[in-house]
Amino acid sequence: MTIINRFVKGFAFINAYIAYAALIFMMIFVGIAAIARTFHYPIIGDVEFVQIAMVVLVVGSMGYTELKNGHVEVGIIVDHFPPLIQKILNIFSLVLTMIFCAVISYTFLLKFDPKQSSVLLGIKFYPIKILLIIGFVAWAFVAIQKIITLLRSKEYQRFEE
């Protein structure tokens, strides 16, 4: 395995671990918030905490999901095409994924405002936006790695976990 492949895989795994941490935080926090609300001591801003954690969870898991080929794929028509056409369509979809991730990352970078915060608790959004940029860059790196793998291969084989 080349150093680039190890870097992309490690980058995706780091994002996945961040997503796992967000998921664990959400499970514990929602449980505590539900118990507190039952005893008439609601936690102020619980919805904001869960929404922020959900963003981190989703974006952190996108690159890892692409690495493990876990995204939903409907191949009703494409599976009947010749392998070369399937390979071309797969490369095209990965290029679209890469462009999408680049545009989202660039937009978040352009619109970066360290003063922006949540309404109720005043939580600063800039750490979350940095994680968003990192998550989309990781997803783009995995797409680039797959494009290179497809271009180097002589015969088309579907990516399997």
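Student: Where is histidine 40 found?
Tutor: Histidine 40 is in the loop between α1 and α2. Helices here are DSSP runs of H or I with at least four residues, strands are runs of E with at least two, and both are numbered from the N terminus.

Student: What are the ground rules of this model?
Tutor: This is a predicted model, where local features need pLDDT of at least 70, side-chain atom pairs count only at pLDDT 80 or more, and totals for chains, interfaces and linings use all residues. Residues are numbered from 1 along each chain as its sequence is written, and side-chain values use heavy atoms, with hydrogens and water left out.

Student: Why is histidine 40 called exposed?
Tutor: Its relative accessible area is 68%. Exposed means over 50%, buried means under 20%, and partly exposed lies in between (1.4 Å probe, protein chains only). Histidine 40 therefore counts as exposed.

Student: What makes the phi of histidine 40 worth a remark?
Tutor: Phi is near 65°, a positive value in a residue other than glycine. Most residues other than glycine have a negative phi. Asparagine 69 also has a positive phi, about 55°, although it is not a glycine. Asparagine 69 is in the loop between α2 and α3.

Student: How do you know whether asparagine 69 is buried, partly exposed or exposed?
Tutor: Its relative accessible area is 26%.

Student: What makes aspartate 46 and arginine 37 a salt bridge?
Tutor: Their side chains meet at 3.3 Å, N to O. A salt bridge is a side-chain nitrogen of Lys or Arg within 4 Å of a carboxyl oxygen of Asp or Glu. The distance is within the cut-off, so the pair qualifies. Side chains of opposite charge can pair when their charged atoms come close.

Student: Why do aspartate 46 and arginine 37 get their accessibility classes?
Tutor: Aspartate 46 has 14% relative accessibility, so it counts as buried. Arginine 37 has 47%, so it counts as partly exposed. Aspartate 46 is in helix α2, residues 46–67. Leaving aside neighbours within four places in sequence, aspartate 46 is in contact (heavy atoms within 4.5 Å) with Phe29, Ala33 and Arg37.

Student: How many salt bridges does the structure hold?
Tutor: The structure holds two. Lysine 146 and glutamate 66 also meet in one, at 3.0 Å, N to O. That pair links distant parts of the chain: lysine 146 is in helix α4, glutamate 66 is in helix α2, and they are 80 residues apart.

Student: Why does glutamate 66 get its accessibility class?
Tutor: Glutamate 66 has 9% relative accessibility, so it counts as buried. Lysine 146 is buried as well. Beyond neighbours within four places in sequence, glutamate 66 is in contact with His71, Leu94, Trp139, Val142 and Lys146.

Student: How do you know how α1 and α4 pack?
Tutor: Two packed helices are described by the angle between their axes and the distance between the axes. Helix α1 (residues 3–38) and helix α4 (residues 126–152) pack at about 145°, with axes 9 Å apart. Axes are lines fitted to C-alpha atoms, for helices over the stretch in contact, and angles run from 0 to 180 degrees between N-to-C directions. Residues making the contact include Phe7, Phe11 and Ile18 of α1 and Leu131, Phe141 and Gln145 of α4.

Student: What makes Ile85 part of a surface patch?
Tutor: Patches are made of residues with over 30% relative accessible area and no salt bridge; like charges are joined within 9 Å, nonpolar side chains (Val, Leu, Ile, Met, Phe, Trp, Tyr) within 5 Å. Isoleucine 85 has 36% relative accessibility, so it passes the area cut-off. The nonpolar patch covers about 910 Å², and its members include Val72, Phe81, Ile85 and Leu89. Isoleucine 85 is in helix α3, residues 83–110.

Student: Why does phenylalanine 112 get its accessibility class?
Tutor: Its relative accessible area is 30%, so phenylalanine 112 is partly exposed. It is in the loop between α3 and α4. Leaving aside neighbours within four places in sequence, phenylalanine 112 is in contact with Tyr126, Lys129 and Ile130.

Conventions
Areas by Shrake-Rupley, 256 points an atom, 1.4 Å probe, with all protein chains shown as cover.
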